[in-house]
Amino acid sequence: MATGRASKIGVWIILGLLFVGLAGFSVTNFGGRIETIGRVGSTEIGTQRYFREMQNELAALRQQLGSEVSFAEAQSVGLDRAVLGRVVGEVALENETAALGISV
């Protein structure tokens, strides 16, 4: 009978540790919003900036083709990667000019 009680206590201890671990994990990772997609040096790349640039490119492509273009179609031709590359390049230049103290 003592081993049955000890194994039940052991199971409850393990479940308690699992619960504490998962609760701590969810507090740090599941509750927040993603506001950046990356960083170049000390300059962050905001999700809003990427979204705005992507929307502008999609609108330009729609106007050029004269028909509706879905995001999946834009992805298939690499538009999302091209926009991301351009945004990263712009942020890299902004980071470098800030580091050098250059302003307009």
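**Exercise 1. Compare the reach of α4 with the span expected at 1.5 Å a residue.**

Step 1: α4 has 22 residues; helices (H or I, at least four residues) and strands (E, at least two) are DSSP runs, numbered from the N terminus.
Step 2: The expected span is 1.5 Å times one less than the number of residues, and for α4 the expected value is 32 Å.
Step 3: From its first C-alpha to its last, α4 reaches 32 Å, close to that expectation.

A word on the source: this is a predicted model, in which local features need pLDDT of at least 70 and side-chain atom pairs count only at pLDDT 80 or more, while totals for chains, interfaces and linings use all residues. Residues are numbered from 1 along each chain as its sequence is written, and side-chain values use heavy atoms, with hydrogens and water left out.

**Exercise 2. Find which residues of α4 are buried, and say how they are arranged around the axis.**

Step 1: Buried means under 20% relative accessible area, exposed over 50%, and partly exposed in between (1.4 Å probe, protein chains only).
Step 2: By that rule, the buried residues of α4 are L79, D80, V83, V87, V91 and N95.
Step 3: These buried residues fall within an arc of 135 degrees seen down the axis of α4, so they line one face of the helix; the arc is that of the directions from the helix axis to the C-beta atoms.
Step 4: R81, L93, A99 and L100 are exposed on the other side of α4.
Step 5: The buried residues of α4 pack against β1, β2, α2 and α3.
Step 6: After α4 comes G101, with a positive phi near 80 degrees.

**Exercise 3. Describe how α2 and α4 meet.**

Step 1: Two packed helices are described by the angle between their axes and the distance between the axes.
Step 2: The axes of α2 and α4 come within 10 Å and cross at roughly 130 degrees. Axes are lines fitted to C-alpha atoms, for helices over the stretch in contact, and angles run from 0 to 180 degrees between N-to-C directions.
Step 3: The two helices are therefore oblique to each other (under 35 degrees counts as roughly parallel, over 145 as roughly antiparallel, 65 to 115 as roughly perpendicular and the rest as oblique).
Step 4: Among the residues that meet here are Y50, E53 and M54 in α2 and D80, V83 and V87 in α4; contact means heavy atoms within 4.5 Å.

**Exercise 4. Are D80 and E53 buried or exposed?**

Step 1: D80 lies in helix α4 and counts as buried, at 12% relative accessibility.
Step 2: Not counting residues up to four places away in sequence, D80 touches Y50, M54, F71, A74 and Q75.
Step 3: E53, in helix α2, is buried with a relative accessible area of 18%.
Step 4: Leaving aside neighbours within four places in sequence, E53 is in contact with V83, R86 and V87.
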